[in-house]
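Me: I would like to go through this model and ask what stands behind some of the labels. Please set each value against its cut-off.

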Amino acid sequence: MRMEELQNESVELKELVRDMPQEIMMRSQVKRIGPGVEILRKHEKIRVVYILCEGECDVLTAFKGGQLYVFGKAGLRKGVHLIGEQEVLAEIDESQATVRTVTDCRFLQIKKTDFWKWIQQDPHAAIILLKQLAKRLNESTQEAGTQLYYPNIYQLKKYLVERFEETEESVVRIKAKRQQIADELGISLRSVERGVRELKDQGLVHIVRGKMEISEKEYQAILDSMEE
C-alpha cells in the first residue's frame, strides 16, 4: 500500500501513520469487510492488527451459556480505533475479546510483526497509541468506580445516556436485552427490570414492543436527574 491511498482518510489516521517506515507501509493492506463478520474471536491467535478506517464494530465477550454480549464499540466516536494492538503491545498471543463488524467496514491491516516493528521505530505513533491506552485505562478505572460507588439506577441512566450519545437520532431504541444490559453493567437482571420500571414511571423512557426508547427530551431529563 502507498501513502497516496490514504489521502481521503481522517486527519487522525494520517497523523498516526505519518512516519510509518515505507517497507511496512508497502506490506500493509486496505481490506473491506461486510457486516456481521467476526474479524477476531476470543482466544484466537492474533496475526493482524486492524486500524478501523470506516464503519462500526462491536466488542463482545461470552457469559454464561456461551452467549456473546456487547461491552464495547469501535467507530462511533471520532479518533482512530485499533483492534488487536493492546494484546500485541502486552505481548499476549491471543485475542481477549471477540470483535464483530456491525456495518460495512474498511480496515488498514498490518501484520503483527510489522506492527511491533513500526511502534519500535516510530516514536510519533508510539506516543499517540500511549495516549489512547492511557485514556482507555482511565475510562475503565472510572467505570469500575461507578459500579462500586453509585446505585444501580445511576448506572442504568449512565448506560442509556451513552447509548443515546452514540447516535445522531432524535429517538433511540435500546435493542439490547435486559439480561445483556445486566451483564454489561455487572448488576442483577432484577435490578435492571426494577430500574426500567422506575424510569418509565418517572417519564424518563418509554417502552415500545418491550424495548426502551429515549427521545431527546427524555435524554435531557435523564441527564438532569443524574446531576441532582
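Predicted model: local features only at pLDDT ≥ 70, side-chain atom pairs only at ≥ 80, totals over all residues.

Me: Why are strand 9 and strand 10 called edge strands?
Reply: The open sheet has three strands in the order 9-11-10, with antiparallel pairing. Strand 9 (171–173) and strand 10 (206–208) each pair on one side only. Neighbouring strands in this sheet are turned by 35° against each other on average, direction ignored.

Me: Which helix lies across this sheet's strands, and at what angle to strand 11?
Reply: Helix 6 (residues 152–165) lies across strand 9 and strand 11, and runs at about 65° to strand 11.

Me: Why is the pair of F164 and Y219 called stacked?
Reply: Ring centres must lie within 6.5 Å for a pair, and planes under 30 degrees apart count as stacked. For F164 and Y219 the centres are 4.4 Å apart and the planes stand at 10°, so the pair is stacked.

Me: What does the pair of F164 and Y219 tie together?
Reply: F164 belongs to helix 6 and Y219 to helix 9 (residues 216–227), so the pair ties together parts that are 55 residues apart in sequence.

Me: How do you know whether F164 and Y219 are buried or exposed?
Reply: Buried means under 20% relative accessible area. F164 has 6% relative accessibility, so F164 counts as buried. Y219 has 15%, so Y219 counts as buried too.

Me: What makes the pair of F115 and W118 edge-to-face?
Reply: Planes over 60 degrees apart count as edge-to-face. The planes of F115 and W118 are at 80°, with 5.8 Å centre to centre. The two residues are three apart in helix 4 (residues 112–121), and so separated by about one helical turn. Both F115 and W118 are buried.

Me: How many aromatic pairs does the rule give?
Reply: The count comes to three aromatic pairs.

Me: How do you know where the charged end of R163 sits?
Reply: The distance limit for a charge over a ring is 6 Å from the ring centre. The charged end of R163 sits over the ring of Y159, 4.6 Å from its centre.

How values were computed. Residues numbered from 1 in each chain as written. Heavy atoms only, no water. Pairing = 2+ DSSP bridges. Helix = DSSP H or I, 4+ residues; strand = E, 2+ residues; numbered from the N terminus. Axes fitted to C-alpha atoms, helices over the stretch in contact; angles between N-to-C directions. Contact = heavy atoms within 4.5 Å. Phe/Tyr/Trp six-rings, centres within 6.5 Å; stacked < 30°, edge-to-face > 60°. Buried < 20%, exposed > 50% of the residue type's maximum accessible area, 1.4 Å probe, protein only. Lys NZ or Arg CZ within 6 Å of the ring centre and 35° of its normal.
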